[in-house]
Each structure stands twice: as C-alpha cells, then as structure tokens.
Amino acid sequence: MLDKITARHRQSMIDNNIPFIVSNKQCYLPFLGTLLTEKCDREIETLNKLTPSAQMLLFYYVYSRQKEIYTNSAVEDLEVSAMTITRAVRQLEQAGLVQVYKFGVQKIMTTEYTNKELFEKARPYLSNPVKKNCYISKDALDDSLLYAGDSALSIVSMLNPPLIACYATDNDERWKEEKTEELMDEEEQVELQVWKYDPKVLTRNNRVDVLSLATYYFNDDDDERIEECVEEMLEDYWKNIQLI
C-alpha cells in the first residue's frame with residue numbers, strides 16, 4: 001500500500017508488471033485485472049532559478065506594499081494568463097518565499113518576511129532579466145522604451161551616464177530591419193536590451209524598476225563602483241518604502 005505515487009513511478013511499475021495500490025487514488029492488480037485512475041502526485045523538482053514570470057510576480061508583490069494580494073489581481077496587472085500566475089505562485093511556494101491560502105474562490109498570496117527580507121531570501125533564485133542585447137539608431141527611439149542598464153542606474157545613483165545610452169523592451173520586432181548585433185556607430189546608435197518579461201508593467205517611471213535593475217547586475221563581473229551604486233540604490237529604496 002502506497003500513500004502516493006508519481007506518474008513516472010506508476011508507469012515504471014506497470015511496465016514491470018508490479019502490482020500496487022495507492023490509498024484512495026488508484027490500484028494496479030494485473031493478476032486479477034486492472035483498475036486505474038489518473039490521479040498522480042506531482043513530482044517535486046529541484047528549483048535552481050525562478051522563471052521570468054515567477055520573478056516578475058515576486059517583484060510585483062514587493063511593489064504592492066501589501067501583506068496579502070489576490071492572485072487574480074496579478075493576472076490583470078501583469079497582463080499574463082491565469083495559468084502563468086498559477087505556475088509562478090507554485091514556484092514561489094516551492095522556494096519557500098510565499099504562502100497561499102483560499103478565501104472563498106479567491107487565492108491570496110502572502111509571506112512571513114518583510115519586503116527586504118523577501119528579496120534577500122529570493123536572491124539565489126533570481127536571474128538576469130535581459131534575454132539579449134542589440135543596437136538601434138537614436139532616430140528610432142520612442143516613448144515605449146525605458147532607460148535600462150547604466151543609463152537607469154545613473155539616474156538613481158552617483159554613477160555617471162554611459163557614453164552609449166541603454167534602453168529596454170520585451171519585443172524588438174519593430175527594429176528587426178535596422179538593429180545590429182554589434183555597435184556600428186557610437187555617435188548614432190543606442191543599446192537595446194530585450195527583456196524576458198515586459199519591463200513596463202513593473203514601473204511607473206521612464207526607467208526599468210529598481211529590483212529588476214539590481215538583479216541585472218547581480219551576476220555581472222566584479223566592479224566595485226557598480227556594486228556600490230546598486231547597493232546605494234537598493235538601500236534608498238528600502239528606506240523610502242518604510243516611510244510610506
């Protein structure tokens with residue numbers, strides 16, 4: 001008698017003609033005939049990094065400044081599907097970052113940590129939000145683009161603005177005819193970061209959000225100047241939200 005069984009384990013036992021019974025779920029008795037149900041326990045996967053949608057949901061939760069949020073609100077605000085949010089919440093639970101409970105038909109996400117503690121605990125699971133980089137003409141810039149990289153960091157810290165301005169988008173199809181993989185003209189081009197999620201949904205400014213920007217630098221080469229500016233930016237952010 002088994003308490004639970006995964007789909008992989010079940011199939012292996014069936015292939016080897018091994019009888020089994022899972023309490024209140026299913027049984028396989030080849031010597032008497034077969035009776036099976038489709039209920040299997042979800043396999044536990046080792047979590048290395050959050051998916052882009054889980055990372056975006058985590059930052060959304062921090063920015064909400066609420067102890068509890070309805071997951072259906074995240075679906076609307078982040079402009080993703082309910083299934084995407086369900087998977088993202090499940091991954092955050094697996095990492096031990098949040099807890100979820102039901103209130104009627106609504107699912108509510110909460111955590112035992114402060115916003116700063118939550119971000120620090122999540123840090124090993126965070127990954128660079130940038131998928132790839134390219135370069136476009138300055139003449140092709142429009143209001144849909146946000147300051148990113150060193151351009152954004154220079155706005156919120158003592159870092160000097162870079163010689164080549166940097167912007168972010170989640171879709172570079174508009175510039176597919178003119179973009180270049182390498183910098184061709186530093187006087188006429190800007191850097192364009194293509195993100196794994198839409199950077200606009202997490203910010204109300206003309207630059208990418210603080211937490212995503214910090215995460216962009218976490219796996220960068222050791223540069224004490226950049227590291228100090230990132231820590232300065234984060235400390236200013238944590239101080240400011242405590243005053244609200």
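Predicted model: local features only at pLDDT ≥ 70, side-chain atom pairs only at ≥ 80, totals over all residues.

Biologist: How far apart are the end C-alpha atoms of α4?
Modeller: They are 18 Å apart, which agrees with the 18 Å that the 13 residues of α4 (residues 82-94) should span at 1.5 Å a residue. The expected span is 1.5 Å times one less than the number of residues. Helices (H or I, at least four residues) and strands (E, at least two) are DSSP runs, numbered from the N terminus.

Biologist: Which residues of α4 are buried?
Modeller: I85, A88, V89, Q91 and L92 are buried, meaning under 20% relative accessible area with a 1.4 Å probe, protein chains only. They cover an arc of only 160° around the axis, which puts them on the same side of α4. The arc is that of the directions from the helix axis to the C-beta atoms.

Biologist: What covers them?
Modeller: The cover includes α2 (52-64), α3 (71-78), β5 (99-103) and β6 (106-110); contact means heavy atoms within 4.5 Å.

Biologist: Turning to α3, which residues are buried there?
Modeller: T71, A74 and L78 are buried in α3. Their arc around the axis is only 45°, which puts them on the same side of α3. They pack against α2, β4 (68-70), α4 and β6.

Biologist: And the sheet: what is the strand order?
Modeller: The order is β4-β6-β5, in an open sheet of three strands with antiparallel pairing; two strands pair if DSSP finds at least two bridges between them. β4 and β5 stand at the edges, each with a single partner strand, so one side of each has no neighbour in the sheet.

Biologist: How many bridges join β5 and β6?
Modeller: Five bridges, in the antiparallel sense; Y101 has I108 in β6 as its bridge partner.

Biologist: What is the phi of G104 in that hairpin?
Modeller: G104 takes a positive phi near 70°, and the hairpin has two residues between the strands.

Biologist: How many bridges join β4 and β6?
Modeller: Three, again antiparallel, and I69 has M109 in β6 as its bridge partner.

Key. Residues numbered from 1 in each chain as written. Heavy atoms only, no water. Buried < 20%, exposed > 50% of the residue type's maximum accessible area, 1.4 Å probe, protein only.
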